[in-house]
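Colleague: Hey, I'm new to this one. Can you walk me through it?

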Amino acid sequence: MKLRYVIAQVLLLSILFTAFTSKAQQSDDLINILQKKNIITQKEADSLRADQAIKEQARKDKENQHGITIGSRALQISGLIQTEYEGFQQTGVNNTFLLHRARLDVKGDINDNWNYEVYTEFASTTKLLDAYTTYKIADFLKFTAGQFKVPFSLESLIQDSQLDFIDRSQVVNALAGRQTDVIGNQNGRDIGIQVNGSFAKVDDRYLFDYTLGVFNGAGYDVTTDNNSHKDIAGRFTVHPIKNLDVSADFYDGQGNYGTPAKNYLRNRGGFDARYVIGGLSLVAEYDKGTDGVIKRDGWYGQAAYFVIPKKLQLAAKYDTYDPNKIIKTDRTLIYTGGVNYFFNNWARFTLNYLDRREEVTQIPNNIFEAQLQLTF
């Protein structure tokens with residue numbers, strides 16, 4: 001009897017191991033075989049199946065804590081909340097807490113070819129960020145129509161929740177339809193159509209990605225275009241080795257801006273690169289733009305490293321921008337140091353210190369920022 005008990009316990013451990021490393025059906029088949037050979041009793045078999053079901057459900061519950069899926073893949077709901085504190089060195093500017101972002105994302109795959117996304121911002125004022133549908137013919141050919149991000153600038157295209165720093169770079173804010181662009185803050189988005197895809201697959205990765213789109217040029221969440229001209233944007237990326245992305249992009253269009261508002265030239269061009277090796281990521285981007293007769297350019301370089309894998313990340317950034325190439329004394333530099341602490345896959349706390357420097361007259365305008373982020 002004792003020998004039988006020992007054998008049964010060893011077999012039970014083997015089955016539990018199988019439950020973690022194989023599919024549930026395989027484990028159930030093994031239990032059936034052991035039961036037929038009279039190695040375990042019906043009661044022991046039922047107990048094993050119950051334990052297996054509990055562990056499987058616990059695993060699924062753990063996975064689903066980050067993201068909610070309703071109605072299989074047809075309806076997926078997620079969101080982003082970022083609460084920020086800003087401390088200003090500059091006299092007369094009040095330190096403040098603010099709701100940086102509060103967003104709800106609804107998306108899904110209707111079938112293997114059709115998918116959609118509706119992404120809404122609720123912080124400050126309610127804004128519709130994304131609202132588009134995509135039709136996929138193959139990996140090398142996809143069509144998208146609606147409101148979405150313009151394919152220009154690596155940092156502009158990175159999701160807000162995935163940025164290594166709280167704020168984007170000066171040149172990206174100025175030339176990618178964001179905070180200081182001549183057409184106003186459009187969150188890098190516009191209304192139009194685009195075609196994109198990936199091709200030349202080697203092993204498990206593609207060598208090339210491309211995107212080409214036609215847009216109104218008036219920005220997001222607008223009812224009508226403000227001029228008859230349609231803008232063109234494109235981006236091409238090569239992946240020469242694994243985890244290395246090198247891209248070039250352009251934007252050719254007109255913007256309706258100024259006082260009084262008129263149609264002016266609004267062109268952009270740039271290139272960027274990103275390389276990740278282990279816990280280290282390196283990113284650099286250069287962009288230039290022409291608004292009417294004014295030429296602008298800037299670039300940034302940054303590095304981030306996980307000193308504790310998946311938990312504690314240190315980051316540093318050099319950011320320079322010239323808002324007018326004719327004026328030789330208006331370039332600004334920002335040195336940013338950052339710390340990211342990841343509580344888990346969906347909660348993160350970020351600290352940034354921005355050392356801001358002007359080319360001629362120094363202004364005491366450094367900024368300390370802290371942000372708590374939760375995604376779901």
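Colleague: What should I know before we start?

Modeller: It's a predicted model, so local features need pLDDT of at least 70 and side-chain atom pairs count only at pLDDT 80 or more, while totals for chains, interfaces and linings use all residues. Residues are numbered from 1 along each chain as its sequence is written, and side-chain values use heavy atoms, with hydrogens and water left out.

Colleague: Okay, which residues touch the most other members in the largest nonpolar core?

Modeller: Val150, Val171, Val172, Phe215 and Ala233, out of 16 residues in that core. A nonpolar core here is a set of buried Ala, Val, Leu, Ile, Met, Phe, Trp, Tyr and Cys residues joined through side-chain atoms within 4.5 Å. Buried means under 20% relative accessible area, exposed over 50%, and partly exposed in between, using a 1.4 Å probe and protein chains only.

Colleague: And which helix gives the most to this core?

Modeller: Helix H5, residues 170-175, with 4 residues. Helices (H or I, at least four residues) and strands (E, at least two) are DSSP runs, numbered from the N terminus. Another core, of 5 residues, lies apart from the largest one, and Ile31, Leu34, Ala45 and Leu48 are among its residues.

Colleague: What is Ala233 in contact with?

Modeller: Leaving aside neighbours within four places in sequence, Ala233 is in contact with Val150, Pro151, Thr211, Leu212, Gly213, Phe215, Phe250 and Tyr251. Contact means heavy atoms within 4.5 Å.

Colleague: Switching to strands: how many bridges join S3 to S4?

Modeller: There are 7, between S3 (residues 96-109) and S4 (residues 114-121), and the two run antiparallel. Strands pair if DSSP finds at least two bridges between them. A hairpin of 4 residues joins S3 to S4, and Asp109 stands opposite Asn115 in S4.

Colleague: What about S4 and S5?

Modeller: Also antiparallel, with 8 bridges joining S4 to S5 (residues 127-138). Tyr119 stands opposite Asp130 in S5. The hairpin between S4 and S5 has 5 residues between them, and Ser124 in the turn has a positive phi of about 65 degrees.

Colleague: How many aromatic pairs does the structure hold?

Modeller: It holds 13. Rings of Phe, Tyr and Trp (its six-membered ring) pair if their centres lie within 6.5 Å; planes under 30 degrees apart count as stacked, over 60 as edge-to-face and the rest as tilted.

Colleague: Why does the pair of Trp299 and Tyr318 count as tilted?

Modeller: Because their planes are at 45 degrees, with the ring centres 5.1 Å apart. Trp299 is in strand S13 (residues 294-308) and Tyr318 in strand S14 (residues 312-322), 19 residues apart.

Colleague: Is Trp299 buried, exposed or partly exposed, then?

Modeller: Partly exposed, at 39% relative accessible area. Tyr318 counts as partly exposed too, at 26%.

Colleague: Last topic: where does Lys317 lie?

Modeller: In strand S14. Lys317 counts as buried because its relative accessibility is 6%.

Colleague: Which side chains does Lys317 make polar contacts with?

Modeller: Glu155, at 2.8 Å, and Ser169, at 2.7 Å. A polar contact is a pair of N or O atoms within 3.5 Å; within protein, one must be able to donate a hydrogen and the other to accept it, and residues adjacent in sequence count only if both atoms are side-chain atoms.
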